[in-house]
Amino acid sequence: MTEPRSSSYIWVTWITGLLAADKHCEWAAWFRAHYQGYAKVPSDFDLAAWKAAHGDMVRKRAEELRAAGYGVYVEDQNKFSLKGRAATLGGVADLVAVREGDGLVIDCKSGQRRDSDAFQVLTYMLALPLTHQACRGVRLGGEVQYRDSRLAIAPEKLTGELKGLILRTIESVGGEAPLPRVPSLSECRFCDITAADCPERIEEAQRVEVVETDLF
Ligand code: SF4
């Protein structure tokens, strides 16, 4: 049953699509931040297969880093809950690796590359120095590990401007005022919020009317 949360809560991946402008429906993130227990659209996502592939990637990368002399922290060891004025931000980084004052936060992606992947790691780079003992005082960079490639994110990529964007997004998604709904088939089909909570949900492709012109 859909019920309001006692205070705003944001899981990092609810906002990374907005940060990357891969997603435009701000209301979906706002709703998740303010409500819980809602009925979800059934998914045909194969969770067991994803867990196996993802777990294998995490293990292999952890082994490489240990062999290179890093101290490595895995998944739940990297879980955080960062409570601010506007919301509590929660997340879990797949790997944190630290060696001689340098640190890496790593997320492993077994699916296709998305711009939001880098924003997920950048948000971890913002939060972990505040929450993770091993990340305090280290020069923290990031990495997205894909099946066949790796995206390195230098510590300097987390600029003041980018920090501002992440903080403003947390504040607006965690804020009281509902954010705009932007229904489109491409977003609604991957959204787990049902029409019972989102009456503007789009289930079918809408025809685009052809308009004739003599301008060109
Ligand atoms: S169903 Fe569509 S319009 Fe409704 S919250 Fe999800 S993405 Fe937004």
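How many salt bridges does the count come to? It comes to 11, with a salt bridge taken as a side-chain nitrogen of Lys or Arg within 4 Å of a carboxyl oxygen of Asp or Glu. Before you click on, note that this is a predicted model, where local features need pLDDT of at least 70, side-chain atom pairs count only at pLDDT 80 or more, and totals for chains, interfaces and linings use all residues. Residues are numbered from 1 along each chain as its sequence is written, and side-chain values use heavy atoms, with hydrogens and water left out.

**Stop one: Arg61 and Glu143.** Select this pair and you get a salt bridge whose closest N and O atoms are 2.7 Å apart. Arg61 sits in helix α3 (residues 47-67) and Glu143 in strand β9 (residues 139-146), so look at distant parts of the chain, 82 residues apart, being linked (helices, H or I with at least four residues, and strands, E with at least two, are DSSP runs numbered from the N terminus). Both residues are buried; that means under 20% relative accessible area, with exposed over 50% and partly exposed in between (1.4 Å probe, protein chains only).

**Stop two: Glu200 and Arg181.** Here the side chains meet in a salt bridge at 3.3 Å, N to O. Glu200 is in the segment after α6 (185-188) and Arg181 is in the loop between α5 and α6, so the pair ties together parts 19 residues apart in sequence. Glu200 counts as partly exposed because its relative accessibility is 40%, and Arg181 also counts as partly exposed, at 27%.

**Stop three: Glu203 and Arg201.** The closest N and O atoms of this salt bridge are 3.0 Å apart. Glu203 counts as exposed at 55% relative accessibility, while Arg201 counts as buried at 13%.

**Last stop: the second largest pocket.** Select Leu82, Gly84, Ala87, Leu167 and Ile170, which lie nearest its centre among 13 lining residues. The second largest pocket holds about 280 Å³ of space. (On a 1 Å grid over the protein atoms alone, a pocket is an open set of points where a 1.4 Å probe fits, with protein on both sides within 12 Å along at least five of seven lines; lining residues have an atom within 4 Å of a point. The volume is the space filled by probe spheres set on the points.) Colour β5 (79-83), α4 (115-131) and α5 (160-174) next, since each supplies at least two residues of the lining.
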